[in-house]
Structure formats: structure tokens, C-alpha cells
Amino acid sequence: MGPLNEQSLVQCHFELPNKKATGVNGTTKEQYSENLDDKIMDLVSRLKSKSYRPVPVRRMYIPKLNSNKKRPLGIPEHEDKIVQKGITKILNTIYENDFLDCSFGFRPNRNCHDALKILNYYIEKKSVNYVVDVDIRGFFDNVDHKWMIEFLKLRIADPNLLRIMGRFLKGGYMEEGKKYRTDNGTPQGGVISPVLANVYLHYVLDLWFEKRVRKQCKGQAYIVRYADDFVCCFQYKSEALVFFQSLKLRLKKFNLEIAEDKTKIIPFGRFAEKNANQKGDGKPATFDFLGFTHYCGKSKQGNFRVKRKSSRKKVQGKLKETKEWLKNNRNKDIHTIMDRFKRSLIGYYNYYCITDNTQSVNNFKDKIQYLLFKWLNRRSQRKSFTWDKFRLFLDKYPLPSPRIKVNIYDLRKEICYIL
């Protein structure tokens, strides 16, 4: 199995995070660490003899933002996470040179902010007048296994490696003690799922857009993709419309479809406000991408600029999650509660504190403080705080304040070559 040897798999074991949800057998990382060398040796032996078979993943559900629906996750056993981690490294080594510059999700030295920066550059500096905001319906649940294996065969010749990946795809899941088959999809929650998603969309979308769509356009055309979330930019409306129809046929070929209610073509760019005013539409339309609502704005000099604010849907989802946590944990030690909120806010700031978004993040912090005030007052029958006392409390247990973490115009040297 080449790179899937004892040394590399031991390293994969230690690289996996601690205290994560366990698979159907409930084996934790700490438990697997006992007699680790013997377990890894046995694992390698099974890999070589082709007798290794992954355990069905444990099906669990997490609530979707602002919805009563839930998103299914598949949690693998720890040993299967180790193998997935090893295969993911192999796939990254093979495909990193193949993946196109438009792809940003789950790749080395690339992140969401890089995708936002490039999209900002295309809209502000290139001839972009229309944006196609696309949502693929249930992408991870509908990846076609046959197509997935065919794509992998284009770059991988090792039949043993292909066999193992096929077994992961078809390994099934356990729910309420019953095993279910998986005839399509790659379960979210698996270590290997993000890179498999990138491979699938590399062939289904990225190459097709680069080699076919762009060459057929007389105007400029660009795509920015992060996992299954992507935005396409066009100079001409007619070409945006042709792409939209072609995309539906392209996805259908690979057993995917767009979510019509979440997909739209909107005028967006330096002329959008003028055109909207001429039509009497008021402000130009907006679109959401990677947790931010993008809208047409102006610089201090009065020139066109793309601006962003935290997506209302994401903000409401985070506030709902916070409310539920406080409801269930309001009687915990106050130091524990405030420490959790500090860490949560710092994580939120690290992502959302970007150019133009300070006000939105400040509003979010105010709402978090109100939730704290409300739920800490419910720790007993008597109210613990008036607003004045609560402000004194925050002086003693201060929450971090937001400040800009990411300059949307600061293009790192790693991504400047794309331009």
C-alpha cells in the first residue's frame, strides 16, 4: 500500500483531533492509543491482504440554520479515520497540482478569506456585470459513486487504493441499531469527504467551466468555488443565461441538480446601481457567499466598491445556537460560562471581522450580551442583574471587542499569481 505504512498511519493517528464524536463501536482516540503499535501493525496487515473493511459510519443529525430540518452526518470509527487521513494525504499530493486556481475549499494555504478576496478582485477590477449565485441541492448526499471511481481512475492506478475508497463510499451507515446501504453520496463527517468532493467537482464543474464555458464566452467570465459553494461572474447577461441553462444539463449528467429556489442571476457590479435606478428597482440585488451578504457600495471617494456584511441567516443561526447553550448551561459556574463566550466570540471575530463588517459584528456582540443578561437573570427566581449591575459585571468579566482581522484588499503572495 505504499504510503499507508506503519509509520505514516501512526502519524495520522496522532494528527487526528482529540475528544471528537465516536463511531458505532464508541472507540475514542485515547482508547485506540493503548497498544497502538500492535493495532497499527494489524491494520497494515489487513490493508495489504485486502481484508480491511471500514465499519459502517454512525448516523447523527445536526440542525440546519434557521430550519426545522436536520443535516445528516456520518461519524467513522477511529481506525477508519486513520485510514481516511492517510488516503487524504495521498489524494492531496496527487491532486494539488491538478486542481484549478478557482478552487479554495480544504486545500493547503487556501481559505475562505482568500476566496472572498479573489471574488472581490474580479467584481471590482474586471468587467463583471452579472453574478450567478448557485446552490447544488444536497451535493454530499448525491455524489454518484460510479462517476467518483471513474474520476479517481484518471489519476490513480493502484487497484488496492481504489478498492479501499470504493469500500468507504459503499460502507453504509448505522442508525438505531440497523444498517443501511449507501448507493450514492459521500457522508459529511468523514475525514476523506472534503477531498473527494473537490475531486468530483474538479471534473464536473471546474474543468468544464475553464475549458468549455469561458472559451465560448465573448465577454469575461470567472468562477470562485469553495467546496460545493460557488459563484460565477459574467460580463454579459446573455452569457450568464446560457451558462445557467448549460449548468443544469451538466449537473444532471452527473446526477446532481441545482436548488432552483436558492439559485439566481443578478445584475451586480459598477453599473448595477445605475441600472437599478433607471428601472425603478431601488437598490441593486445582493447575494450570499461563504457567510457574507455581498452588496454594491461606494468608497469614500464615491467610486464603486463591493461591500460585505454578515449573512442574516448565519447571524440568526449563531444566536439561536447561543440561546440553546445558555438555556441548558445557565446554572454552570460563571467563570465557565464567560470563558466559553470569550472563546466563541474570538472564533467569530477571526472569521467575520473583515473589511466593512465591523458594524455588523458589533451588533452581533450587543445581541450576545443581551442574551447573557437575559439568561443569567434566570439562574434564580430573583433577578440577578439590573442593566447597571450587568455593566459592572462585564467590567469584571469583559468580553473581547471586535476589530478588523482580515483586509479584503491584502492579497497574499500565495494567491497573487492567480491574478
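The buried residues of helix α12 are Val315, Gly317, Leu319, Thr322, Trp325, Leu326 and Asn329, where buried means under 20% relative accessible area with a 1.4 Å probe, protein chains only. This is a predicted model, in which local features need pLDDT of at least 70, side-chain atom pairs count only at pLDDT 80 or more, and totals for chains, interfaces and linings use all residues. Residues are numbered from 1 along each chain as its sequence is written, and side-chain values use heavy atoms, without hydrogens or water.

Helices are DSSP runs (H or I, at least four residues) and strands are E runs of at least two, numbered from the N terminus. The cover over the buried residues of α12 includes β11 (304-310), α13 (334-352) and α14 (358-376).

Leu319 also belongs to a separate core of 55 residues, along with Cys353, Ile354 and Leu371, among others. A nonpolar core is a set of buried Ala, Val, Leu, Ile, Met, Phe, Trp, Tyr and Cys residues joined through side-chain atoms within 4.5 Å. The largest such core has 66 residues, and Ile87, Leu91, Leu152, Met165 and Phe234 have the most contacts inside it. Helix α9 (residues 193-216) supplies the largest share of this core, 12 residues. Beyond its neighbours within four places in sequence, Leu152 is in contact (heavy atoms within 4.5 Å) with Leu91, Tyr95, Leu162, Met165, Leu196 and Val199.

Elsewhere, α3 passes α4 in a right-handed crossing, meaning that the near helix is turned clockwise from the far one by less than a right angle. Lys39, Ile40, Leu43, Arg46 and Leu47 of α3 meet Glu79, Ile82 and Val83 of α4.

Methods: Buried < 20%, exposed > 50% of the residue type's maximum accessible area, 1.4 Å probe, protein only.
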